[in-house]
Amino acid sequence: MSIEKILTAAPVVPVVVIENLEDAVPLAQALFNGGLKTLEITLRTAIAAEAVKLMKQAVPDAYVGTGTVINKETFNASIEAGADFMVSPGVNDELLSLAKETDIPFLAGAATPSEVMKLASNGFKYLKFFPAVAAGGVPMLKSIAGPLPHIKFCPTGGINLTSAPDFLALENVVCVGGTWMLDKQLIKDKNWAAIEELARQASQL
Ligand SMILES: O=C(O)C(=O)C[C@H](O)[C@H](O)COP(=O)(O)O
């Protein structure tokens, strides 16, 4: 499986924080049925790895990956959970060497030209641009495309339904990450139909 295929399956990658394990499957189904084929599950909660396993079983056609992969522990937890891909908000040398040892696609994060260049020299062609809005948003990505047009990004961080199209219009953007379709109150109410509708809206961008 290539990171390109995973990132181009839909225009938006939902960045999911699972607070209750019982929400994992209906949430994944709602997102997938709404057209969001690639799901990033952040390893920020203790149950996240278990959630990834359940989601993969219940929605086998989705690409279910892990987010917040920041060290060896989260890297290994991702492998153990059977993640289809991994996402890091940045990168460090430990993660770089771990990523080379696995076939699981690894989406590393960068926020500056130097970070992009370092990852490009390590063979990365697709990167997470994080934190997208805080790090300069659309103008920053346009500037990076000047000297580094071959690197493609999934900008994430501060993007919403209104701003997503401006990012998606850029040549060097393949998809955006976001949380706006994961409305906390709707999840609390277990209103999966409404989440599916928000996902559908996002998938049609
Ligand atoms: O957990 C990680 O590894 C992250 O990189 C953080 C997420 O990408 C942001 O939490 C996105 O959240 P929004 O700003 O609401 O779009």
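This is a predicted model: local features need pLDDT of at least 70, side-chain atom pairs count only at pLDDT 80 or more; totals for chains, interfaces and linings use all residues.
Student: At what angle do helix α3 and helix α4 pack?

Tutor: Two packed helices are described by the angle between their axes and the distance between the axes. Helix α3 covers residues 48-58 and helix α4 covers residues 72-81, and their axes lie 9 Å apart. The packing angle is about 25°.

Student: Are α3 and α4 roughly parallel or roughly antiparallel to each other?

Tutor: Angles under 35 degrees count as roughly parallel. The angle between α3 and α4 is about 25°. The two helices α3 and α4 are therefore roughly parallel.

Student: Which residues of α4 take part in the contact with α3, and how many residues of the contact are charged?

Tutor: The crossing of α3 and α4 is right-handed. On the α3 side stand Ala-49, Val-52 and Lys-53, and these meet Ala-77, Glu-80 and Ala-81 in α4. By class, the residues of this contact comprise four nonpolar, no polar and, as the number of charged residues, two.

Student: How is α2 oriented relative to α3?

Tutor: The axes of α2 and α3 are 9 Å apart, and the angle between the helices is about 50°. That angle makes the orientation of α2 to α3 oblique.

Student: Which residues of α3 form the contact with α2?

Tutor: α2 passes α3 in a right-handed crossing. From α2, the contact draws on Ala-24, Val-25, Ala-28 and Gln-29. Seven residues of the contact are nonpolar, one is polar and none is charged. The residues contributed by α3 are Ala-51, Leu-54, Met-55 and Ala-58.

Student: How far apart are the axes of α2 and α10?

Tutor: Helix α2 spans residues 24-33, and helix α10 spans residues 192-203. Their crossing is right-handed. They pack at an angle of about 35°, and their axes are separated by 7 Å.

Student: Which residues of α10 make the contact with α2?

Tutor: α2 supplies Pro-26, Leu-27, Ala-30, Leu-31 and Asn-33. The contact of α2 with α10 divides into seven nonpolar residues, one polar and one charged. The partners in α10 are Trp-192, Ile-195, Glu-196 and Ala-199.

Student: Which strands stand at the edges of the open sheet of three strands?

Tutor: The order of this sheet is β6-β7-β8, with parallel pairing. Each edge strand has a single partner strand, so one side of it is left without a neighbour in the sheet. The edge strands are β6 (109-110) and β8 (152-155).

Student: Which residue in β7 stands opposite Gly-109?

Tutor: Strand β7 covers residues 126-129, and β6 pairs with it in the parallel sense over two bridges. The residue in β7 opposite Gly-109 is Lys-128.

Student: What is the omega value of the cis peptide bond that joins Phe-130 and Pro-131?

Tutor: Most residues other than glycine have a negative phi, and most peptide bonds are trans. Pro-131 is found in the loop between β7 and α7 (137-145). For the cis bond joining Phe-130 and Pro-131, omega is about -5°.

Student: What is the phi value of Thr-68?

Tutor: Thr-68 is found in the loop between β3 (63-67) and α4. Its phi is positive, in a residue other than glycine, and is near 55°.

Student: How many polar residues does the shell around the ligand have?

Tutor: The ligand is surrounded by 13 residues, of which the closest are Gly-67, Thr-68, Pro-89, Thr-156 and Thr-179. Four residues of the shell are nonpolar and none is charged; the number of polar residues is nine.

Terms used: Residues are numbered from 1 along each chain as its sequence is written. Axes are lines fitted to C-alpha atoms, for helices over the stretch in contact, and angles run from 0 to 180 degrees between N-to-C directions. Helices (H or I, at least four residues) and strands (E, at least two) are DSSP runs, numbered from the N terminus. A crossing is left-handed if the near helix is turned anticlockwise from the far one by less than a right angle, and right-handed if clockwise. Two residues are in contact if their C-beta atoms, placed from the backbone, lie within 7 Å. Ala, Val, Leu, Ile, Met, Phe, Trp, Tyr, Cys and Pro count as nonpolar, Asp, Glu, Lys and Arg as charged, and the others, Gly among them, as polar. A residue is near a molecule or strand if its C-beta atom, placed from the backbone, lies within 6 Å of it. Angles under 35 degrees count as roughly parallel, over 145 as roughly antiparallel, 65 to 115 as roughly perpendicular and the rest as oblique. Two strands pair if DSSP finds at least two bridges between them.
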